Structure formats: C-alpha cells, structure tokens
Amino acid sequence: MKANYQNLFQDYTYKSGVHVKNRLIMAPMTTFSADENDFVSQEELDYYKERANGVGTIITACAYVSKSGKGFDGQMGINHDGTIKGLSQLAEAIHSGGAKGVVQLYHGGRLAVPRLIPNEETVSASSIAPLKDRGFYSINQAPRALTTEEVYGIITDFGEATRRAIEAGFDGVELHGASGYLIQQFVSPHSNHRTDEFQHTNLFSLKLIEEVKKVIQEYATKPFLIGYRFSPEEPETPGITMKETYSLIDELIQADIDYLHIATTDAWAKPRRGIVSDKSRTECIAEYINKRVPLIGVGSVHTPDDAALVLEKGETDFVAIGRALIVDPHWVEKVEKKEADTISLQLTKNDKQQAVIPTPLWKLILEIEGWFPVER
C-alpha cells in the first residue's frame, strides 16, 4: 500500500462516541429502487450489503420524512413506523460488513415531484419557483409558502424520522441541507423571503438539529451521531455564496454536530462568489473550519490517489466515494489489500449482476449518456 493511502485507513471516534474503522465513506446516492410502498427493497439490501465490507461508513440514499417531501420515483420513506422493518434490514445489511450506517433525512420542498405528493402541491420557505434546471426532475411550479405551524410540523417529522432510524439500529442521521432541497431553501436568500422567525435563514437548520438531538437523548441506547450536508454555493441570484456558507458553518458548529459534509461534484472546484481565492472550495472550507468539526470531502473521487489527495491537500477528515463504488463495489477492499490496480473504473452493459446494481438504477445508468462511465 502506498504511504499516502494509509491515512485513508485510520480509525476515528466522533464526539458522540460513534467509532468508525476508516476515513472512507460511501456517499449518499439515490437508487430509485424502493418498492411500491416506498419500503426498502431486496435489491437495495443486496446493493448496500455488497458495498459494506470496505468503507467505514455508508450514508444511505435520502429518505423522505414527510409525504409532501418525496422527490424521486423509488425513493424510500422514513415518514411512518411501517418503514422501520425494512430500515432495520438495511441497517443489518450495512453492519454485516463492518460499516456504520447513517440515514440521510430529506424533504424536497419546492423540488418535490408534484405527481408523487398529496394534491400535487409543493411547499417551501416562500412561494418562489425554482430554476428550471434544478433537481433531477424539471420542477418549475411555484410552491406554497409553509405556515409557521407547518414549519414546526416538518421539524417534528425530522425528529420522528430520527426516532425510526434509532429504532431500526442505525448509527446516525445526516440532514440533507444541500442540492437545493427544503433545508437549503430556508438557508437561501433566493427562496427564503419569510417575515416570521424563520426569516433568519439558518434558524430552520438549527431547530432541526435541536429536535434531532432531543430525540437522540430520549431514544438512543448507543452512540448516535448527527451530520449535516451543505452546498457551499448555488446558482440563484440572490443566492448562497461562500460568505453565507461560512456564517452557516459557524452556527452549525456551535450547535454541536458530529460532522459537516460538503456537496459538490468536483472536490477541486474554486469558489465563484463570496470570497476570492485560488484554492478550491474544499480547501477554503477546511481552512475556515480549522478542525473545529470533522469535514467530509467529496467530488470526482475515482481512484485511490484522488481519495488520498482530498484527505491530504483538501485537509478533510474523511472522503466520500460515490459513483466509483457503484462501478466497483470492492474498491476499498482492493486498496486495502494492495490490489488498487485491479479496481474497475468503467461499467460494461453486462455488469449489472456482477456489480449488484438495482434494476431501476441500472436502467438509468444505461439511459443517460455520460451519467456513468459505461462502455457502450
């Protein structure tokens, strides 16, 4: 094993007490593969189990906490107690390989899919339509602004989802505050024009953390962590810039979370607005955090050298691997066994069974040109 790979395999204990065996994380990626009731499917169980032997942590595909928040076909729910049985099986599948399991909690807000939610009515911080190219689907209708009471209701939904994750045997939850979804819609000056207490753009996030921590204290019988994923910038004007992100980071750290997780498709992309720097966003954020809280870096990590560079040059504490783990479920084991040269970097049309990829996800991989490295 190369010397710079060894850092990838250092163990770590979060402030909450959750211990992980290494610094490699399976990034949360939508599978579109829940069953017709939005319960975890057998194909998803097989998919996660196949990838649980190497990484220290698996962050699941996002699970919606409220009926009004469903954002994908085949998205798993965590919005009622009937989901706990399947989630328990998922936690068991992840633990079977020695990984810790974290459920990503989600509400689509104005990017929820109208045909998948009650009355086809999207909701958000304010009644402002999203940009047409936002999200996996093109949603351009103006949402209804949530009442203050409804905002608190959704905060309760996140708390109840956390309780279900605890009862299912998971090791933590991650709040999906990125990619333009509801939590980010409250943070953003583009989508939050409220006049009540939630006009303070970070308050919704802080109330969520407060609720989740209260539920953890009441129900958790083992160490249980809370993380937060954020997009450092957004394309809307006015919108989130690095300046707003730094302010959010300060408040999230003060709220005493276990980690922060950058959402970016390229770990080395440079800031566009809010600050001027020749460094990447990842480097700037890591420098600003200054080890006050663990940071997960991600984005275009395909090879072990990519991962090592994010950890070292990016100065992150963890590195999340996304599509590379779909292409080769045993990416991490191969690095650890000094077999990095055998890692598969490209799928072929015959790899579905070997790579243990759920059918709905596989169909999308084949349909969308350039979405995955596929030999065609």
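Lys334 touches Asp328, Glu339, Ala340, Thr342, Ile343 and Ser344, leaving out residues up to four places away in sequence. This lysine sits in helix 10, which spans residues 331-336. Keep in mind as you look around that this is a predicted model.

- Is Lys334 buried or exposed? Lys334 counts as buried because its relative accessible area is 18%, and the cut-off for buried is under 20%.

- Helix 6 runs through residues 242-254, and its 13 residues reach 18 Å from the first C-alpha to the last, close to the 18 Å expected.
- Its buried residues are Met242, Thr245, Tyr246, Leu248, Ile249, Leu252 and Ile253.
- The buried residues of helix 6 are covered by elements including helix 4 (182-187), helix 5 (203-219), strand 10 (225-230), strand 11 (259-262) and helix 7 (281-289).
- After helix 6 comes Asp256, which has a positive phi near 70 degrees.

**The nonpolar cores**
- The largest nonpolar core holds 108 residues, and Leu24, Phe170, Leu175, Phe204, Tyr228, Leu260 and Trp331 have the most contacts inside it.
- Another core, of 13 residues, lies apart from the largest one and includes Tyr14, Val18, Ala27 and Ala320.
- Setting aside neighbours within four places in sequence, Tyr228 is in contact with residues including Leu175, Ile183, Leu248, Leu252 and Leu260.

How values were computed: Residues numbered from 1 in each chain as written. Predicted model: local features only at pLDDT ≥ 70, side-chain atom pairs only at ≥ 80, totals over all residues. Heavy atoms only, no water. Helix = DSSP H or I, 4+ residues; strand = E, 2+ residues; numbered from the N terminus. Expected span 1.5 Å × (residues − 1). Buried < 20%, exposed > 50% of the residue type's maximum accessible area, 1.4 Å probe, protein only. Contact = heavy atoms within 4.5 Å. Core = buried A, V, L, I, M, F, W, Y, C linked by side-chain atoms within 4.5 Å.
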